[in-house]
Structure formats: structure tokens, C-alpha cells
Amino acid sequence: MADYTGEQDNAGGSSTQQPGGASSLVPLDSKWMKPRSRRHFDTAEHKPLKGVEYYFENGKWRTNNDYQTFAKGRWLGRTIADVFYSEFQDRTKEYYKRAIETGAITVNGGIVPLNYIFRNADVLEHTIHRHEPPVSAEPVKIVHQEEEFIIVDKPSSIPIHPTGRYHHNSMLHILRHEHPELPELLPVNRIDRLTSGIAMVCLNKGSANQFMSELKERRVEKHYLARVRGEFPATEDFFEVDQPIKTVSHKLGVNVVDKDGKPCTTLFKRVNYNGLTSVVYCKPLTGRTHQIRVHLQYLGFPIANDPLYCTDFWGAELGKGGVSPDKAKEAVAGLEKAAFPHPNLEESEPAKSETAAARGEETGKGKGKRPAVDEMETPKRKVKIVDTGDVPSQRFFPEVEGCPDCGVIRADPTKEQLSLWLHSFVYEFESLFGGQGKVFETEFPPWAHPTFRGDRDLIERFWKHGGKWDGKNPGEILN
């Protein structure tokens with residue numbers, strides 16, 4: 001089991017794809033179709049996926065492809081409608097309702113009603129044409145390489161592996177694209193999409209199991225840097241926070257301090273203060289979702305540019321000392337609404353695939369119809385060029401019939417919206433490497449240096465607008 005290093009990717013499902021858009025399901029000697037692990041993001045021969053096109057534009061990496069997604073274990077006992085309505089944020093409820101009813105979303109190869117309850121071993125498939133949000137074009141640097149593993153300095157805004165709306169714009173896919181000579185890539189630790197810093201990737205299963213065992217047994221020390229709002233107290237020793245935290249939104253991975261949450265502990269110590277913000281050394285002793293960010297918010301010193309925990313949705317004190325359940329619910333509602341604006345999808349139809357099911361051929365034992373694995377095709381594209389005039393980054397965007405995102409012009413995220421001042425900069429392994437241990441580290445990010453003054457922009461551009469850069473949400477609709 002991978003360590004979460006105090007930060008975790010958003011919920012929302014994993015995605016896999018094979019050349020030509022074929023389903024990556026593996027048929028078994030039963031009625032089930034078992035999805036491959038989320039680690040299998042390339043072909044069986046560990047070659048880069050065909051048809052995956054990355055392009056650099058307006059200072060960001062972009063990609064545009066078709067996907068299938070699969071169910072998570074925590075959905076057991078819940079209805080399919082509840083899962084999609086509550087845990088996914090890149091489509092409206094109306095879209096998911098139609099997709100379930102028309103078979104764009106299936107369970108065990110068949111169409112199911114909205115009140116279908118997930119059971120153990122259910123397999124969910126969602127055929128969808130999707131536009132991935134752009135990510136930072138900062139390089140994914142390999143800072144150390146050995147025969148069995150690599151150490152990567154991951155930029156902010158890029159998830160470790162395919163998750164939610166991100167598939168090809170993930171660290172693993174970008175590494176595969178830029179280093180096709182590497183064998184199978186197996187991530188050992190996971191840090192949040194917006195968090196930058198050390199990511200360990202093993203090149204075979206044996207080393208991956210060994211490193212993950214070290215993390216699970218807490219024989220690895222992890223060190224972070226954060227720049228927080230205000231003057232963090234200066235102390236000789238570390239300041240300990242041991243408040244339990246609880247997830248209140250799986251959509252965004254939002255957590256709060258809660259007596260019924262999971263126990264966790266973080267150590268903090270001030271590094272420097274420049275009159276407006278402080279750089280704080282953070283050492284998580286446990287690995288909970290957003291642990292560092294939540295504990296800093298609880299102390300009253302949220303990360304200065306944090307779009308989740310340094311916003312007015314939490315009240316005048318930004319969540320200092322914790323919030324009530326009602327206030328947490330209110331904050332989550334505001335954050336989810338701002339996270340990914342939706343177009344009006346009332347009149348649009350879900351993307352359709354030309355599949356065996358569409359041709360009337362039935363396979364599997366589900367009540368509905370679905371294509372055989374080797375017959376799955378990507379949606380046929382009816383492409384036209386959309387002239388968006390004054391939006392250079394979207395000048396020639398191909399429009400796919402039936403796609404609710406095609407023709408919708410969204411604002412690019414700014415460089416500020418793609419950044420969080422939280423960086424994983426040191427990993428210390430105590431007992432590996434012949435019992436000698438080893439330390440891996442990255443360079444300090446520019447914002448961590450004592451002479452940094454880029455935080456002055458926060459006053460008028462971020463804090464003044466309640467935690468939104470220039471008062472705007474990422475991905476705002478322009479047309």
C-alpha cells in the first residue's frame with residue numbers, strides 16, 4: 001500500500017487506455033471484467049500509448065483524448081447515482097443521469113437503474129470523451145537514478161498518476177512520454193497534485209514492495225517546506241499538532257479537524273519570516289489526506305496561496321481552531337461550486353461510441369449490451385475548427401459531436417492558480433541500502449528563500465478576493 005506522505009490525490013476514479021482507444025479491461029473466467037491497476041498506464045510491452053499527443057502552448061502542457069474509468073471500493077453499499085453526483089465534479093448531475101440511463105455508464109457490462117447499489121466485485125465503466133485541464137510546463141526532473149528506482153522532482157499542478165480529470169497530464173504519463181527507455185514505472189509515494197517535490201518511482205515490483213514496506217512501517221522521514229500566511233511563532237523545538245482529521249468532501253479531498261477523524265501528528269518549526277508570510281518546516285509523522293494543510297489552517301496559519309484552506313469560505317479566521325460541522329458543510333459547498341464551473345448541459349447528449357452494443361451485438365451476462373473488449377472503439381470524431389477569436393490558447397480546438405465540453409471556451413489557469421507553496425524536499429530512508437540508509441533531496445523552491453517577495457501580490461490579488469486569484473475561478477467559462 002502506497003504511503004500518502006501527508007497529501008493525497010483527489011478522489012474521482014482512475015483511468016486507463018490502450019492504443020486506438022481500446023478498453024484496458026482483462027477478461028476473466030467469470031462474468032466479471034476486471035480493470036487493470038491504475039499503475040498500468042502504458043501498453044503491455046511498456047511502450048508509450050499511441051495516439052497520445054502532448055503539446056506546449058501558452059506556458060502549459062495540454063492533451064486531449066478519450067477515456068474509460070472504473071469504480072472504487074469505497075462505493076460499496078451506495079447507489080450509482082449517489083456516487084456520481086457526490087464524488088465527480090467535471091460533469092453536471094443531468095449529464096450523469098443521462099449517461100447512466102443511456103448506457104454511457106455501465107456496471108458489469110450492463111445498463112443499471114439510478115438506484116442500483118454497488119456490490120463487491122462490481123465493475124463500472126464510463127466511456128467518455130474528455131478535455132484534460134492544462135498543467136504546468138515546468139519539467140518533471142529526474143534528480144537521482146539507480147537501476148531499480150528513480151527520484152523525481154514533481155512540479156506543482158501535476159498529479160502523480162491518472163486521477164479524476166487528469167490522465168495523460170499526469171507525472172507517470174509525462175515520464176513515459178519523455179523517457180520511453182524506462183521499464184515499468186511504479187509510484188511508491190503520492191503527494192497532492194498541487195504539492196511539488198520528491199516522488200519516488202520504482203522500475204520493478206520487487207523494489208516497489210521493499211520501499212512501500214519501509215513507508216508503511218514508518219521507517220522513512222519526510223520533510224516539507226510551506227509558506228504560510230502571517231508570522232508563525234518562533235520556537236527552539238518543534239511545535240506539535242496531533243489533531244485528528246476527517247474527510248468532508250471526496251470530490252476535492254477536503255479535510256477538517258474533527259474528533260471523530262483519523263489520528264495524525266505533524267511537527268512544525270519556523271524557518272524565516274519576511275514581514276508578511278513565514279516559511280515553515282513541516283514533518284508529518286502520519287500520512288493523512290491534506291494533513292499538513294489542515295493542521296496549518298487549524299493553527300491559524302494556512303498556506304498563503306492555498307485555494308482550499310486559505311479562503312473566506314471558512315469564515316473570518318479562515319478556520320483557525322477548527323470549524324463546526326455546519327460551517328464545514330457550507331465551506332465545502334462554496335469550494336465545490338468554485339472548483340470547476342460547468343456549462344449548461346441541459347440540451348447536450350453524452351458522447352456516443354460506435355461499439356458492438358450500438359450495432360446490436362450482445363456480449364457478457366449483463367442486462368444491457370456492451371461491446372466485446374477487442375471491439376471497443378473510440379468515439380468517431382466529426383471535427384470542425386472553432387474560431388474563438390481573442391482566446392489564443394483555444395484558437396483551433398477540434399469540436400467532437402456530442403461532447404459537452406467541445407465549443408465551451410474556458411479560461412486557462414494562470415501560473416498562480418497552478419501553484420501551491422508546499423514542497424516535499426527531503427526523504428530519509430533509515431534502514432535500506434545495506435543498512436546505511438540514504439537521503440534524497442531536491443532544491444529549495446524559489447518561494448522558500450528568505451529574499452522572496454513574490455508574496456506581496458497576495459494582498460491585492462488573492463487575499464482581497466477571499467482566496468481566488470484576481471477574483472476568478474480556474475477554468476471559468478468565457479463564452
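Among contacts in the chain between residues at least 6 apart in sequence, what percentage join residues at least 24 apart? I get 67%, where contact means heavy atoms within 4.5 Å.

Ground rules before I go on. This is a predicted model, where local features need pLDDT of at least 70 and side-chain atom pairs count only at pLDDT 80 or more, while totals for chains, interfaces and linings use all residues. Residues are numbered from 1 along each chain as its sequence is written, and side-chain values use heavy atoms, with hydrogens and water left out.

**Whole chain.** I looked up the secondary structure and found 7 helices and 23 strands; helices (H or I, at least four residues) and strands (E, at least two) are DSSP runs, numbered from the N terminus. Of the 479 residues, 56% count as buried. My cut-offs are under 20% relative accessible area for buried, over 50% for exposed, and partly exposed in between (1.4 Å probe, protein chains only). The chain exposes about 21,200 Å², computed by the Shrake-Rupley method with a 1.4 Å probe, and for residues only the protein chains shown count as cover.

**Strand β11.** I picked β11, residues 149–154, and found 6 of its 6 residues buried. In a regular strand the side chains alternate between the two faces of the sheet. Here I see Phe 149, Ile 151 and Asp 153 on one side, with Ile 150, Val 152 and Lys 154 on the other, and both faces are covered.

Next I checked its partners; two strands pair if DSSP finds at least two bridges between them. Strand β10 (residues 141–145) runs antiparallel to β11 with 4 bridges, and a hairpin of 3 residues joins the two. In that pairing Gln 145 stands opposite Ile 150. Strand β13 (residues 196–202) is also antiparallel to β11, with 6 bridges, and there I find Lys 154 opposite Gly 197.

**Rings.** A pair of aromatic rings is described by the distance of the centres and the angle of the planes. My rule takes rings of Phe, Tyr and Trp (its six-membered ring) with centres within 6.5 Å; planes under 30 degrees apart count as stacked, over 60 as edge-to-face and the rest as tilted. By this rule I count 17 aromatic pairs. Trp 421 and Phe 452 have ring centres 5.5 Å apart and planes at 85°, so I log them as edge-to-face. Trp 421 is in the loop between β21 (397–398) and β22 (422–429), and Phe 452 in the loop between β23 (438–441) and α7 (457–461), so the pair ties together parts 31 residues apart in sequence. Trp 421 counts as buried at 8% relative accessibility, and Phe 452 is buried too, at 17%.

Arg 229 has its charged end over the ring of Trp 463, 4.1 Å from the centre. For Lys 269 over Phe 238, I note 5.9 Å.

**Two helices.** In α2 (residues 93–102) I find Tyr 95, Tyr 96, Arg 98, Ala 99 and Ile 100 buried. Gly 103 follows α2 with a positive phi, near 95°. In α4 (residues 205–216) I looked up Ser 213, which is partly exposed at 32% relative accessibility.

How values were computed: Lys NZ or Arg CZ within 6 Å of the ring centre and 35° of its normal.
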